[in-house]
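Here are my notes after a look through this one. Have the viewer open while you read, and pick out the residues as they come up.

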Amino acid sequence: MGHVDADWNEQLLVEKAQRALTALSLGDDAEALVEVAPTATEPQARADETKALMLLLFGECSAMVSTLGDGGSAPVKVQVFDEDGEEVSIDQADPPVRTAVRTLLAEVHGNTEAAQEQVEIALANAAPDEVDSLVLQALRWTIRLSVECLDRDLPVAPWISEAVSD
């Protein structure tokens, strides 16, 4: 029975992420955050939902980085953005964002366990607005990477390509 629940939750998460990506594509950060806000009321459940969402997005980003990097033969640059969507150097990024970069790199290198730990650390230490910036960062990366993949006719998860090409 546990298995069915997980699938259902993942479907729910995918739908939330998709709506958030669509909102962000339209330049509406606030709406994107509303879309991905946890539905659970209990704090631990909320944290788990946010973590699951982040891991979903990082998993997809990682797959796209690998696709773009052609199995590691072509370098892929991870860009970091501030609140206004301006690119900043990783050293200038907030600690949670630096954690996000480490998470993404762990995923890209196939270390999902390390990625999960990084997300847990980030969420445990982040203030609510920092959690928001982490989620936005993951959404922005998802959009940038998917657009790059689509431009090159590379595969992108259908739920992502639908969200960014509307």
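Predicted model: local features only at pLDDT ≥ 70, side-chain atom pairs only at ≥ 80, totals over all residues.

1. The protein chain has seven helices and two strands.

2. If you take contacts between residues at least 6 apart in sequence, 65% of them join residues at least 24 apart. Several of the points further down give individual cases of contacts across the sequence.

3. Let's start the packing with H3 and H5. The axes of H3 and helix H5 (residues 112-125) come within 10 Å and cross at roughly 135°. That angle makes H3 oblique to H5, because the roughly antiparallel label is kept for angles over 145 degrees. The crossing of these two, H3 and H5, is right-handed. On the H3 side you'll find Ala47, Thr50, Lys51, Met54, Leu55 and Phe58, and they meet Ala115, Gln116, Val119, Glu120 and Leu123 in H5.

4. Thr50 deserves a click of its own. Thr50 sits in helix H3 and has 12% relative accessibility, so it counts as buried. What does Thr50 contact once its neighbours within four places in sequence are left aside? The list is Pro38, Leu123, Val131 and Val135. Leu123 also turns up on the H5 side of the H3 and H5 contact, while Val135 belongs to the H6 side of the contact described next.

5. Now for H2 and H6. Helix H2 (residues 29-36) and H6 have axes that come within 10 Å and cross at roughly 100°. That makes H2 roughly perpendicular to H6. From H2 the contact uses Asp29, Ala32, Leu33 and Val36, and from H6 it uses Asp132, Val135, Leu136, Leu139 and Arg140.

6. Is Arg140 buried or exposed? Arg140 is found in helix H6, and at 13% relative accessibility it counts as buried. Its side chain makes a polar contact with the side chain of Asp29, at 2.7 Å. Both Asp29 and Arg140 are also listed in the contact between H2 and H6, so do look at this pair together with point 5.

7. There is one aromatic pair in the structure. Phe58 and Trp141 form it, with 6.0 Å centre to centre and 50° between the planes, and the pair is tilted. It links distant parts of the chain, as Phe58 lies in helix H3 (residues 43-68) and Trp141 in helix H6 (residues 128-151), 83 residues apart. Phe58 and Trp141 are both buried. Phe58 is also one of the H3 residues that meet H5.

8. Another Trp to check is Trp159, placed in helix H7 (residues 158-164). With 12% relative accessibility, Trp159 counts as buried. Setting aside neighbours within four places in sequence, Trp159 is in contact with Val14, Ala17, Gln18, Leu21, Leu56, Leu57 and Glu60. Take Leu21 from that list: Trp159 and Leu21 are 138 residues apart along the chain, and their C-alpha atoms are separated by 9.7 Å.

9. Back in helix H5, have a look at Ala122. Ala122 is buried, with a relative accessible area of 7%. Not counting residues up to four places away in sequence, Ala122 touches Thr99 and Leu134. Ala122 and Thr103 are 19 residues apart in sequence, and C-alpha to C-alpha they are 9.3 Å apart in space.

10. Last, a backbone point. Most residues other than glycine have a negative phi. Asp153 is not a glycine, yet it has a positive phi of about 55°. Where is Asp153 found? Asp153 is in the loop between H6 and H7, and at 71% relative accessibility it counts as exposed.

Technical notes
Residues numbered from 1 in each chain as written. Heavy atoms only, no water. Phe/Tyr/Trp six-rings, centres within 6.5 Å; stacked < 30°, edge-to-face > 60°. Helix = DSSP H or I, 4+ residues; strand = E, 2+ residues; numbered from the N terminus. Buried < 20%, exposed > 50% of the residue type's maximum accessible area, 1.4 Å probe, protein only. Polar contact = N/O pair within 3.5 Å; in protein donor to acceptor, adjacent residues only side chain to side chain. Contact = heavy atoms within 4.5 Å. Axes fitted to C-alpha atoms, helices over the stretch in contact; angles between N-to-C directions. Parallel < 35°, antiparallel > 145°, perpendicular 65-115°, else oblique. Left-handed = near helix turned anticlockwise from the far one by under 90°.
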